[in-house]
Amino acid sequence: MPPFNRIFAGRNNNSNNKMSERRVRVRFAPSPTGALHIGGVRTALYNYLFARQHGGDLVFRIEDTDSTRFVPGAEDYIIESFKWLGIHFDEGVSFGGDKGPYRQSERREIYKEYVGKLLSSGKAYIAFDTPEELEQKRGEVQNFQYDCHTRQSMRNSLTLPKDEIEKLIGEGKQYVVRFKVEPGQDILVRDLIRGDVHVKSDIVDDKVLYKSADELPTYHLANIVDDHLMEISHVIRGEEWLPSAPLHVMLYDAFGWHDSMPEFAHLPLLLKPDGKGKLSKRDGDRLGFPVFPLEWHDPKTGEVSRGYREDGYFPEAVLNFLALLGWNPGTEQEMFTLDELVPLFDITKCSKAGARFAYDKGIWFNHEYILKKSAEEISSLFLPIVREHCPEETAERVLQVTRMMKDRVSFVKELWPLCSFFFQAPTEYDEKTVKKRWKEDSAQQLNELADVLEGMDDFSLENQEAVVHNWIEEKGYKLGNIMNAWRLTLVGEGKGPGMFDISSFLGKAETLGRMRKAISVLG
């Protein structure tokens, strides 16, 4: 067996140098156990950027070997999430390709073949220990793990006679296949982000690779076999998988697949916005932000979890936000399209430390994308909201309001509470604003102003502004008093754009109607 610290000898470890003879192929391989976490979205995004940067392929694989954790609808949810986000895969589940099947539950016979190869070469062994026996051993041995130091005291094919092994299998006794980790080896994991990581094989336990109960492999074997057969060149995944990397290196060596071993890159964790530890759904529930790309309806509990799409985020804002969590281009620029990110992205420049999930920055990005988008695009999203309240409202009027107000919000859904007064007359008047803005002489002055406006034939913004300012100056009134009281009559509170923008939009009849009503109510 060649020493593990030579496995990567001669390999190109700089992802941004010209790729060597291997075509770049990366994969995103989620398990259909529930909603897709936002950390998984970032992992998929980095795989996408890396593949596109090197003219390679992005493979979508479903890792569903753990049948006990399968959740109906999760796979479709994950696929729909990436469609919304605009992350496109080149092959895989629902995308086609010539290296399938891409769903691990459909590859049982392939895995059995490779389990057999490990057993016949003595690189793996069969273990019959029951869950109760393992639990008993944990009680007897402190920090027990199934490894080179303990396996000789367990019930497995290394300690049992051949005829007993055959008898147990013939009786249908359930068993697992464990990888036989050889002690005294120096395992070298070369990581594009973390550099060289050395691990002594003595601390690695004999992981379960296959379970007879469901005739399926565990993650450790399945992903190695799939990565090899699907010709994956780089494995870009979360930091939580780093402890499994030494085993994966040993498995590649056990199969003799030295030339096809992928290069690893373990991404930093996404951390809680406050406190310690990795980001969880509870953090989102507690602080009021989503941790899933789409709204998720749990089929088991009926619980509904928020999604970025349903909360009103633009997919490009989400991707822009995620791209800069754990990596940055080394400049002050923050706004990037997906195409702009591709040539700039450098996997080797990702941070080793966890990235704090500053969810408020995601809100900032969404606001910036509203600023970038045309009034026409935002108006098309706002129009259905307006028509929920005012079914007959025209698209032209909604566009006028959008032009005036879109820069004041971070989400399209915020436009209605901010702009509803354009479409619906106030039915009540904000108490604090009344107390502050409605003076003793406001009724008299607003009656006079109404008379001035009523006498105007040209109700354009420009003409209103000239006539009203001249009238205020001639009467010696205070501009602020007039304008603040007038705003209260048209809006119902102290918000909105310039007064002449509001009155010219409402038109003469609506403006005068609102003024007369407010004067009668406020006195």
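This is a predicted model: local features need pLDDT of at least 70, side-chain atom pairs count only at pLDDT 80 or more; totals for chains, interfaces and linings use all residues.
In what follows, Ala, Val, Leu, Ile, Met, Phe, Trp, Tyr, Cys and Pro count as nonpolar, Asp, Glu, Lys and Arg as charged, and the others, Gly among them, as polar.

**The largest pocket**

- There are 45 residues lining this pocket, and Ser31, Thr33, His37, Glu240 and Trp241 are the closest to its centre.
- Strand 1 (25-28), helix 1 (38-53) and strand 10 (234-238) are the elements that give two or more residues to its lining.
- Sort the lining by class and you get 18 nonpolar, 13 polar and 14 charged residues.

**The second largest pocket**

- Here 18 residues make up the lining, with Asp129, Thr130, Pro131, Gln174 and Tyr175 lying nearest the centre.
- At least two lining residues come from each of helix 4 (131-140), strand 5 (176-179) and strand 8 (208-211).
- By class, this lining splits into nine nonpolar, three polar and six charged residues.

**Helix 14, a mostly covered helix**

- Helix 14 spans residues 415-423, and seven of its nine residues are buried.
- Those buried residues are Leu415, Trp416, Cys419, Ser420, Phe421, Phe422 and Phe423.
- What's doing the covering? Among the elements over the buried residues of helix 14 are helix 12 (375-389), helix 13 (395-405), helix 18 (479-491) and helix 19 (499-522).

Conventions. Residues are numbered from 1 along each chain as its sequence is written. Side-chain values use heavy atoms; hydrogens and water are left out. Buried means under 20% relative accessible area, exposed over 50%, partly exposed in between (1.4 Å probe, protein chains only). Helices (H or I, at least four residues) and strands (E, at least two) are DSSP runs, numbered from the N terminus. Contact means heavy atoms within 4.5 Å. On a 1 Å grid over the protein atoms alone, a cavity is a set of points where a 1.4 Å probe fits but cannot get out, and a pocket is an open set with protein on both sides within 12 Å along at least five of seven lines; lining residues have an atom within 4 Å of a point.
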